[in-house]
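Colleague: Hi! I'm new to this one, could you walk me through it?

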Amino acid sequence: MDSSEFIDRVRADNETALDRLGSEKALVATTRAALDRETVLETAAEAEARAAATFETWADDEADDEARAAFAEAGDRERDHSERVSALGEVGAVNPSPDDLHEHLRGLDDTVARVGAGLVARPLVASRSLLQVINFFVNEGDNAAAETFRDLRAETDEQVETGAALLDAVCESDDDRKRAAVAAGEAIDAAYAEYADSLDSLGIDPKPVC
């Protein structure tokens with residue numbers, strides 16, 4: 001299973017959850033239905049900051065040299081993303097406390113699982129969240145903010161490719177790749193569970209209405 005096949009497998013195995021995480025309800029869930037510019041920016045900045053904190057923590061204790069470098073690079077990129085979002089408006093102090101996804105990620109100590117969950121699954125989830133933020137600012141007529149988030153999303157999508165490619169270095173067998181795919185699915189499950197719980201608490205069905 002090469003890197004592109006790995007990505008395809010993760011997407012196929014988690015298709016329903018990923019589709020719902022990219023729905024119009026995603027922003028409602030993350031902002032707790034507070035769909036104003038300030039809250040959307042603050043929520044987005046915090047999402048990037050908590051990702052930075054996760055990757056920085058991993059870089060501090062990772063034994064594999066290539067993975068450690070990749071985690072440090074990812075941390076720098078997510079920190080930059082958070083700062084670029086904050087620069088778009090009056091965003092206060094950003095709280096990097098983990099949500100359910102990052103609580104799950106920070107509990108991982110295995111290199112293969114970290115790469116599959118953090119460098120493949122996490123950006124797959126984040127890309128879908130960013131799409132809804134783009135749509136929000138397009139609807140608001142804020143083209144500059146929408147363009148900034150398009151750039152962030154493009155960089156996030158690139159992380160999926162580089163994360164999957166890193167598996168070539170950290171996986172020694174097909175069993176390792178299967179373990180990475182399982183870890184990716186568990187991370188997506190953690191993100192989806194919080195999404196569903198948030199919508200349920202607002203009285204909104206997380207499932208699409210047909």
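Modeller: Gladly! Helices here are DSSP runs of H or I with at least four residues, strands are runs of E with at least two, and the numbering starts at the N terminus. This is a predicted model, in which local features need pLDDT of at least 70 and side-chain atom pairs count only at pLDDT 80 or more, while totals for chains, interfaces and linings use all residues. Residues are numbered from 1 along each chain as its sequence is written, and side-chain values use heavy atoms, with hydrogens and water left out.

Colleague: How does the lining of the largest pocket split by class?

Modeller: There are 14 nonpolar, seven charged and five polar residues in the lining of the largest pocket. Nonpolar covers Ala, Val, Leu, Ile, Met, Phe, Trp, Tyr, Cys and Pro, charged covers Asp, Glu, Lys and Arg, and the others, Gly among them, are polar.

Colleague: What about the second largest pocket, how much space lies in it?

Modeller: About 150 Å³. Its lining includes Ala70, Arg77, Leu119, Glu155 and Leu166. Helix H5 (65-86) and helix H8 (143-170) are the elements that give two or more residues to that lining, and H8 has the largest share, with six residues. By class, the lining of the second largest pocket has four nonpolar, three polar and four charged residues.

Colleague: Switching topic: how many residues does the largest nonpolar core have?

Modeller: The largest nonpolar core has 46 residues, and Phe6, Phe71, Leu119, Val170 and Ile188 have the most contacts inside it. H9 gives the most to this core, eleven residues. A core is a set of buried Ala, Val, Leu, Ile, Met, Phe, Trp, Tyr and Cys residues joined through side-chain atoms within 4.5 Å.

Colleague: What does Ile188 touch?

Modeller: Setting aside residues up to four places away in sequence, Ile188 touches Val10, Asn14, Ala17, Leu18, Leu21, Ala121 and Val125. Contact means heavy atoms within 4.5 Å.

Colleague: Let's look at Arg114. Is Arg114 buried or exposed?

Modeller: Arg114 counts as buried because its relative accessible area is 3%. Buried is under 20%, exposed is over 50%, and partly exposed is in between, with a 1.4 Å probe and protein chains only. Arg114 is in helix H7, and its side chain reaches the backbone oxygen of Leu108 at 2.9 Å. Beyond its neighbours within four places in sequence, its contacts include Trp58, Asp61, Glu62 and Phe71.

Colleague: And Thr111, which side chain does its side chain make a polar contact with?

Modeller: That partner is Glu62, at 2.5 Å. A polar contact pairs N or O atoms within 3.5 Å; within protein, one must be able to donate a hydrogen and the other to accept it, and residues adjacent in sequence count only if both atoms are side-chain atoms. Thr111 is found in helix H7 and is buried, because its relative accessibility is 18%.

Colleague: Last one: where is Ala33?

Modeller: Ala33 is in the loop between H3 and H4. Ala33 has a positive phi of about 70 degrees although it is not a glycine. Arg32 lies in the loop between H3 and H4 too, with a positive phi of about 55 degrees.

Terms used:
On a 1 Å grid over the protein atoms alone, a cavity is a set of points where a 1.4 Å probe fits but cannot get out, and a pocket is an open set with protein on both sides within 12 Å along at least five of seven lines; lining residues have an atom within 4 Å of a point. Grid points are joined across faces, edges and corners, and a volume is the space filled by probe spheres set on the points.
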